[in-house]
Amino acid sequence: MKTRKNIQLFPLMLAISFVLAACGSTSSRENALMDDVSKSVEETLMIEKASDGENTEPDKESETAEPETTESETAETAEEGKILIAYYSHTGNTEEAAQKIAELTGGDLAEIQRAEEYEDLYEEAEAEILDGIHPEITVSTENIGEYDTIFVGYPIWWDEAPAMIATFLADHDFSGKTVVPFCTSASDDIDNSLHIFSELCPDAEIAEGLTANDLDEIESWLSEIGIVK
């Protein structure tokens, strides 16, 4: 009887073993499948990050690259330059011309004055010009060296610039700068007075001067000499 029971139990034990083996196999396949899914998800995320421009390593070239200067910015910088309009005016006519130039160029005004007033204008002023005297002057700015273009205005006296203009030119270094003469006059033009500019500031670029009796002519003159467009 015991042998018969053992024979009957054997198929049952074999069936249970088969079921357990099948379950173990299924569990292994499920685990393997889950590993494959996890790897697939990770790979997909990596691809998406790469396509969105994300990078685990810094872009060394972008970190060290300097901002480029555009051609328009360079051109704009090259055109910039400080302008000063220095002038001596006795009756106010030259001052009006200076103010017009400042309005059109955006330059700064600086008035030149004789440190001491003339006791006898006609006698003393003519003697200064004829003898090449440089009287002491005051100028309403101390930063002339900061300007690139300096207009110098004056009235015509005895067919020349007043002696204060010679003092102004002799007292400052205009090397490498552009000096632009202009004058006002009752009769004479600017031509005979221009020699002091080449004599007293030989290392400057002397632009074409103007007898600015007519304020309406100033804008076209500035355009011709390239100061304004």
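First, a term for the first stop: a polar contact is a pair of N or O atoms within 3.5 Å; within protein, one must be able to donate a hydrogen and the other to accept it, and residues adjacent in sequence count only if both atoms are side-chain atoms. Keep in mind that this is a predicted model, where local features need pLDDT of at least 70, side-chain atom pairs count only at pLDDT 80 or more, and totals for chains, interfaces and linings use all residues. Residues are numbered from 1 along each chain as its sequence is written, and side-chain values use heavy atoms, with hydrogens and water left out.

Now select Thr-141, in the loop between β3 and β4. (Helices, H or I with at least four residues, and strands, E with at least two, are DSSP runs numbered from the N terminus.) A polar atom of the Thr-141 side chain sits 3.4 Å from the backbone nitrogen of Asn-143. Is Thr-141 buried or exposed? Its relative accessible area is 18%, so Thr-141 is buried; buried means under 20%, exposed over 50%, and partly exposed in between, with a 1.4 Å probe and protein chains only. Leaving aside neighbours within four places in sequence, Thr-141 is in contact (heavy atoms within 4.5 Å) with Leu-84 and Ala-110.

Next, colour helix α6, residues 163-171. Seven of its nine residues are buried, so α6 is largely enclosed by the rest of the structure. The cover over those buried residues includes β1 (83-87), β2 (108-114) and α7 (195-200).

Stay there and click Phe-168, which is one of the buried residues of α6. Not counting residues up to four places away in sequence, Phe-168 touches Ala-86, Ile-112, Ile-137, Val-139, Ile-144, Ile-150, Val-152 and Phe-174.

A nonpolar core is a set of buried Ala, Val, Leu, Ile, Met, Phe, Trp, Tyr and Cys residues joined through side-chain atoms within 4.5 Å. The largest one here has 28 residues, and Phe-168 is among those that touch the most other members, as are Val-152 and Tyr-154. Which element gives the most to this core? That's α6, with four residues. Apart from this core lies another, of 17 residues, including Ile-85 and Trp-221.

Last stop: Ala-186, in the loop between β5 (178-184) and α7. With 87% relative accessibility, Ala-186 counts as exposed. Show Trp-157 too: the pair are 29 residues apart in sequence and 9.5 Å apart in space, C-alpha to C-alpha.
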